[in-house]
Amino acid sequence: MTALVSGACQAGGGPGPESGRMRTSAIAATGLQKAYQDKIVLDGIDLDVETGTIFSLLGPNGAGKTTTINVLTTLTRADGGTARVAGHDVVTETKAVRAAIGVTGQFAAVDELLTGQENLQLMADLKRLSSAEAKRVVTGLLERFDLTESAQKLASTYSGGMRRKLDLAMTLVGRPEIIFLDEPTTGLDPRSRRTMWNIIRQLVADGVTIFLTTQYLDEADRLADRIAVLDQGHLVAQGTPGELKRQIPGSYVRLRFGGDLELDTARRLLTGSARDDEGDLILRVPSDGGAKSVRALLNQLDDHSIDVEEFSVHTPDLDDVFLALTGHASTDLANTEENAR
Amino acid sequence: MSTDATIMLRRNFKHTVRNPVTVFNAVLFPIVLLLMFVYVIGGAFDVGVKYVDYLTPGIIILTICYGLSGTAVAVNSDMTKGIINRFKVMDISRSAVLSAHVAETMLRTLVAIAAIIGVAFAMGFRAHASFLEWLGAIGLIVLVSFATSWITVALGLAAKTPESAGMAAVPLILLPFLSSAIVPADTMAAGVRQFAEYQPFTPIIETLRGLLTGDPSASKAITAVAWCAGIALVGYLWSLATFTKRA
């Protein structure tokens, strides 16, 4: 067993479950910097992604997520810093890096003039799978992604969700060790989104390392082992979902009352409640947002005959995370100078 | 043995088969031109020899250029439709995608040229070329097709949209019309004549004409081959540079 090995050990080994508790880095980057003309996109990014885990890079549009992926996948060269992917340097060992990774970008990279099956076959050919192996892999992926029925149709006739699925299926041909997913669920309907999450979880169960970017806190929360929050080229926080959520305000229930009397009574009654500074007659009550606690809260108000005009549950979103971590809202990029003071 | 380039070539073939209009267009238009010039317009021309014998080498070169706009559009679509980003992060030859476009264009062109030579023979075209001269003619056709394909790939890469890529290839298609393809350059108006004499397609067409009539000129052949080599080299280097730059 490898129990005696502690700390970081040489990366580059297979991602298989045999690596056990040995802590290997699938992706390790230090001080990544990138600027386009005078605009700094990445300003000293350090990343460390453990083999066989899901790592999520969370940030709003323009934070530098795609640039980070482009640097790590050899598409763009960083101006400064170093990065090793699957144990290979992204600048000096591009071939080895490319052989180890799979990338699914924001826009489906499928050949529209080929059928779904031909798209997968093309990948199998480029990965030099034997024809028997290719047939097995292609059929298997079509089934797994629920594309068997549309396999003989041109990809140009596919819906957005089907294209995403085909795109990811193409990435999986040849079993890459590390998979990069750039906003894999942006623009997908809720059902396709859930399917995508299940596929991602399944991949990690097979020992693959996943690096995914997202704008959605709940997505990172549900999937990732570790999350890094990116803001204007800086990592403002890094940790497990639990660690990050401890740094941000919890969810709360928002109540609107008909008059000051009701509001004051309610405020005295509900511990921890506070008046919302945005609108009058609105009270914020800390709550986990679960059905049980919400029912208890409403019953409590009912018992005291306090009328509530409007009621909503607010769970923390990316905006709250940003506000808490950076002191400015994620959409507030234009006003950052003021906020930075 | 399949290489990255042959796998890509198979992909391009599937595209072409799915879009047969391009092929019909590339084969039919030059034939229509040949028929029109020989039977409708050419009767009024006096070029010193039987007109179909004069015109056929010119139409062959015109056929090569006419098929290029499809290539420019296809190359640009590859770059703008996202699939290229997948190829770029795979461990495959960087130039395979581009070489496949060149090979596909050349094969499509050769089919069209075989058709046009067949029609020309049926219309009374007679070559007085020896076996070696035929080989030389075929070699020149392949070389011109190779060179123009690479410059077209570069134009397709440099264009922003597939539509503008199609437009970028238009000057290449028009250039043979302003050469000695259809009538001798010395019958043209001053200005156009000088242009026709010094542009690359005139020595190329004159060399092909010389080979097919069994009267090749070495100096013209050298100029023609030099032009082809130059165009191919510029096209190749320009293509690779643009390809690397476009993420």
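Good morning. Residues are numbered from 1 along each chain as its sequence is written, while chains are lettered from A and ligands numbered from 1 in the order in which they are written. This is a predicted model, in which local features need pLDDT of at least 70 and side-chain atom pairs count only at pLDDT 80 or more, whereas totals for chains, interfaces and linings use all residues.

I begin with confidence. The model has an ipTM of 0.82 and a pTM of 0.78. Helices (H or I, at least four residues) and strands (E, at least two) are DSSP runs, numbered from the N terminus.

Let us turn to chain A. One open sheet has 6 strands in the order S6-S7-S8-S3-S9-S10, with mixed pairing; two strands pair if DSSP finds at least two bridges between them. S6(A) and S10(A), residues 234-239, are the edge strands, each pairing on one side only. From one strand to the next, the twist averages 15°. Angles here run from 0 to 180 degrees between N-to-C directions, and axes are lines fitted to C-alpha atoms, for helices over the stretch in contact. Strand S9(A), residues 226-231, runs antiparallel to S10(A), joined by 5 bridges. Within S10(A), Leu235(A) is the residue opposite Leu230(A).

Which strands does helix H1(A) touch as it packs on this sheet? Helix H1(A), residues 65-72, touches S3, S7, S8 and S9 of chain A, and its direction makes about 155° with that of S7(A). Contact means that the C-beta atoms of two residues, placed from the backbone, lie within 7 Å. Helix H6(A), residues 190-205, also packs on the sheet, touching S3, S7 and S8 of chain A, at about 150° to S8(A).

The other sheet to show is also open, with 4 antiparallel strands of chain A in the order S12-S13-S11-S14. Its edges are S12(A), residues 274-275, and S14(A), residues 308-314. S12(A) pairs with S13(A), residues 282-286, over 2 bridges, and Ala274(A) has Arg284(A) as its bridge partner in S13(A). Helix H9(A), residues 260-269, lies across S11(A) and S13(A), at about 150° to S11(A).

In chain B, helix H1(B), residues 4-18, packs against helix H6(B), residues 96-122, with axes 8 Å apart and an angle of about 50°. H1(B) is therefore oblique to H6(B), given that angles under 35 degrees count as roughly parallel, over 145 as roughly antiparallel, 65 to 115 as roughly perpendicular and the rest as oblique. Residues of this contact include Met8(B) and Phe13(B) of H1(B) and His101(B) and Arg108(B) of H6(B). By class, the contact of H1(B) with H6(B) has 8 nonpolar, 4 polar and 3 charged residues. Ala, Val, Leu, Ile, Met, Phe, Trp, Tyr, Cys and Pro count as nonpolar, Asp, Glu, Lys and Arg as charged, and the others, Gly among them, as polar.

Finally, how many residues does each chain bring to the contact between them? Chain A brings 24 and chain B brings 18. On the side of chain A, H2(A), S6(A) and H3(A) each supply at least two residues, and H3(A) gives the largest share, 4 residues. That side of chain A divides into 13 nonpolar, 5 polar and 6 charged residues. Thank you.
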